[in-house]
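Hi,

Here is the structure I promised to pass on. My notes on what turned up in it follow below.

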Amino acid sequence: MPGTSQHIRWAQRPPAVGAAVLATGILSVGLRLTGHETLSRITLVLGCAAWLGLAADFAVRLLRQRARWVADAGTPGALTAVAATAVLGTRFSLLGRQALAEALLALSALLWPPLITLVMRHWRPRMPGGVFLCCVATQGLAVLGATLAAAESAAWLAHTALVLFWLGLALYGIALFRFDQRQVLEGPGDQWIAGGALAVSALAGSELLAADSARLYLWNDDDRAVLRAVTLTLLVLGLAAYAVLLAAEFVRPRTRYDVRRWATVFPMGMTAVATLSVSAAVDVPWLGTPGEVLLWISVAAWSAVAAGAVGSARAAVRSRAPR
């Protein structure tokens, strides 16, 4: 039955495919920051469409395939649900849709505790790059919280985001001890999350800095100096990780399509957006140029992986066609 085969194909999608939503959403943010509003809105629509499909899949599994839902929820890829929801919320906040952004913040905050608990219970030594999604999900909440705090002059939200920011850094340190460093050369794509987690942490720091104002007075001079130094350090580390991971791609090319390649695209886009955001937040204008270059590299990577996904889907359809 066609409907049944379609359901089976959909049910076989791994939770890590949420990285595609995250990659598309962060590109939308980056394109908006560089003034390409039309392209930004197109990618936002694509990201929302993918998010709705994954949300439906999430609900179906929860209601009808509880055992499978629990199994998938224990994998690091499940945390892309939190991160992707937060990134879309950030984009809607930048669009001025604060009520929708608040709803997405509430949803991602609701998902975060049970998912991160389930995922961390299944941690083991020598894990792939997905282990860093604990940091990405937490910092995604911090980014959205700080963005909304600035938009709505909500000091409590900024302070909550600051707590999440420091928690995200602690989780990164814990994940680093679990990460199998051989994955830098051997990983199928998700090894890039090690760098993407640093980038989203830098983005969270920049949004916290940008949220401050004379009206809110969130941070005193010492607090601001520490936050600025940590944010710049995170960006430098993120850019260094980007360079190392890119060099590893040339040393050991992996050109075949793999769904985990979406976990390469979103760290690339996240690094670009973090560079652009930090440039504005700490008043270092020259960072804008490398940030925009990195953004277009991310757009090219997104296009290549999207083409691979379409080709893989077509091949799957042909292989199932009656002969």
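Phe132, Tyr172 and Phe179 come together as one aromatic cluster. Before the details, a word on the ground rules: this is a predicted model, with local features needing pLDDT of at least 70, side-chain atom pairs counted only at pLDDT 80 or more, and totals for chains, interfaces and linings using all residues. Residues are numbered from 1 along each chain as its sequence is written, and side-chain values use heavy atoms, with hydrogens and water left out.

Searching the whole structure gives 5 aromatic pairs (rings of Phe, Tyr and Trp, the last by its six-membered ring, with centres within 6.5 Å; planes under 30 degrees apart are stacked, over 60 edge-to-face, the rest tilted). One of them is Phe132 with Phe179: the ring centres are 5.2 Å apart and the planes sit at 65°, so this pair is edge-to-face. It bridges distant parts of the chain, 47 residues apart, with Phe132 in the loop between α6 (98–121) and α7 (133–152) and Phe179 in the loop between α8 (155–178) and α9 (183–186). (Helices are DSSP runs of H or I, at least four residues, numbered from the N terminus.) Both Phe132 and Phe179 are buried, meaning under 20% relative accessible area with a 1.4 Å probe, protein chains only.

Trp262 and Trp302 are edge-to-face too, because their planes are at 65°, with the centres 6.1 Å apart. That pair also links distant parts of the chain: Trp262 is in helix α12 (residues 262–281) and Trp302 in helix α13 (residues 288–320), 40 residues apart. Trp262 and Trp302 are both buried.

Thr85 belongs to helix α5 (residues 80–94). With 2% relative accessibility, Thr85 counts as buried. Beyond its neighbours within four places in sequence, Thr85 is in contact (heavy atoms within 4.5 Å) with Trp51, Thr80, Leu104, Leu107 and Ser108.

And where does α5 give the most residues? To the lining of the largest cavity, where α5 supplies 3. α2 (18–33), α7 and α10 (193–211), along with α5, each provide at least two lining residues. Among the residues around this cavity are Ala86, Val87 and Thr90, as well as Met270. The lining splits into 8 nonpolar residues, 2 polar and no charged (Ala, Val, Leu, Ile, Met, Phe, Trp, Tyr, Cys and Pro are nonpolar, Asp, Glu, Lys and Arg charged, the others, Gly among them, polar).

Cheers

Technical notes
Buried < 20%, exposed > 50% of the residue type's maximum accessible area, 1.4 Å probe, protein only. 1 Å grid on protein atoms, 1.4 Å probe; cavity = no way out; pocket = protein on both sides within 12 Å on 5 of 7 lines; lining within 4 Å.
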